Amino acid sequence: MKMNTAGISGECSMDVNKAFYNDNVILYKHTITYAPTQSSFYKHGHNEYEILYFIRGNADYLIEDNIFTLNPGDLMLIKPKNYHMLMLKSSMPYERVNIAFKESIFDKAALDTLFSSSGKISLNNSSFFMH
């Protein structure tokens, strides 16, 4: 089964992939969108778990019916089939790391605990991700 990556990174012509890996089980992407437009980010869902690490930008994040304000260092935890979307507040560059993975590579109980509800974890530590 091929991993559905549609919408995971908000593909547009101004994206620069700083790092990319995809083996159809795990997708890892570090992307900067220098001139984001809302039309590049749409409500979508997929069969994989997703973790989005927000590095910079000015946006909110919609997961199902919940809207979260993004701050640098935030992690968004998104369960399979939960609809989600970036909601831009300005056109400043948007930088993030996306990790999407299939349930089969982790212990189900651990995933159920970590992803007990989709939402936001604030790390409040900009040194967590090294440029």
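Two strands pair if DSSP finds at least two bridges between them. Strands are DSSP runs of E with at least two residues, helices are runs of H or I with at least four residues, and both are numbered from the N terminus.

The structure on display is a predicted model, in which local features need pLDDT of at least 70 and side-chain atom pairs count only at pLDDT 80 or more, while totals for chains, interfaces and linings use all residues. Residues are numbered from 1 along each chain as its sequence is written, and side-chain values use heavy atoms, with hydrogens and water left out.

**The whole chain**

Begin with a cartoon of the entire protein. It contains 9 strands and 1 helix, and the order from the N terminus is β-β-β-β-β-β-β-β-α-β. Of the 131 residues, 43% are buried (under 20% relative accessible area; exposed means over 50% and partly exposed lies in between, with a 1.4 Å probe and protein chains only). With a surface displayed, the protein exposes about 6,900 Å², of which carbon and sulfur atoms supply 55%; accessible areas come from the Shrake-Rupley method with a 1.4 Å probe, and for residues only the protein chains shown count as cover. Among contacts (heavy atoms within 4.5 Å) with a separation of 6 or more, 70% are between residues 24 or more positions apart.

**The sheet of 6 strands**

Next, select the strands in the order β1-β2-β8-β3-β6-β9, which form an open sheet with antiparallel pairing. β1 (15-22) and β9 are at its edges, each with a single partner strand, so one side of each has no neighbour in the sheet. From one strand to the next, the twist averages 15°; axes are lines fitted to C-alpha atoms, for helices over the stretch in contact, and angles run from 0 to 180 degrees between N-to-C directions.

Select β6 (74-78). All 5 of its 5 residues are buried, so the strand is largely enclosed by the rest of the structure. In a regular strand the side chains alternate between the two faces of the sheet. In β6, D74, M76 and I78 point one way, whereas L75 and L77 point the other way.

**The nonpolar cores**

Now show side chains for F41, L52, F54, A59, Y61, I63, F68, L70, M76, I78, L86 and Y94, the 12 residues of the largest nonpolar core. Such a core is a set of buried Ala, Val, Leu, Ile, Met, Phe, Trp, Tyr and Cys residues joined through side-chain atoms within 4.5 Å. β3 (49-56), β4 (59-63) and β6 each supply at least two of its residues, and β4 gives the most, with 3.

Centre the view on L52. Not counting residues up to four places away in sequence, L52 touches Y61, D74, L75, M76, Y94, R96, V97 and N98. Another core, of 10 residues, lies apart from the largest one and includes Y53, V97, F101 and L111.

**The sheet of 3 strands**

Move to the open sheet with the order β5-β4-β7 and antiparallel pairing. Its edge strands, β5 and β7, each pair on one side only. Neighbouring strands of this sheet are turned by 25° against each other on average, direction ignored. β4 and β7 run antiparallel and are joined by 5 bridges; I63 stands opposite H84 in β7.

Select E64 in the loop between β4 and β5 (66-69). Although not a glycine, E64 has a positive phi of about 55°, and its 33% relative accessibility makes it partly exposed.

The loop between β6 and β7 (84-88) holds K81. K81 also is not a glycine, yet has a positive phi of about 70°; at a relative accessible area of 59%, K81 is exposed.

Finish at N82, in the loop between β6 and β7. Is N82 buried or exposed? With 15% relative accessibility, N82 counts as buried. Its side chain makes a polar contact of 2.7 Å with that of S118; a polar contact is a pair of N or O atoms within 3.5 Å, where within protein one must be able to donate a hydrogen and the other to accept it, and residues adjacent in sequence count only if both atoms are side-chain atoms. Leaving aside neighbours within four places in sequence, N82 is in contact with H44, G45, I63, E64 and S118.
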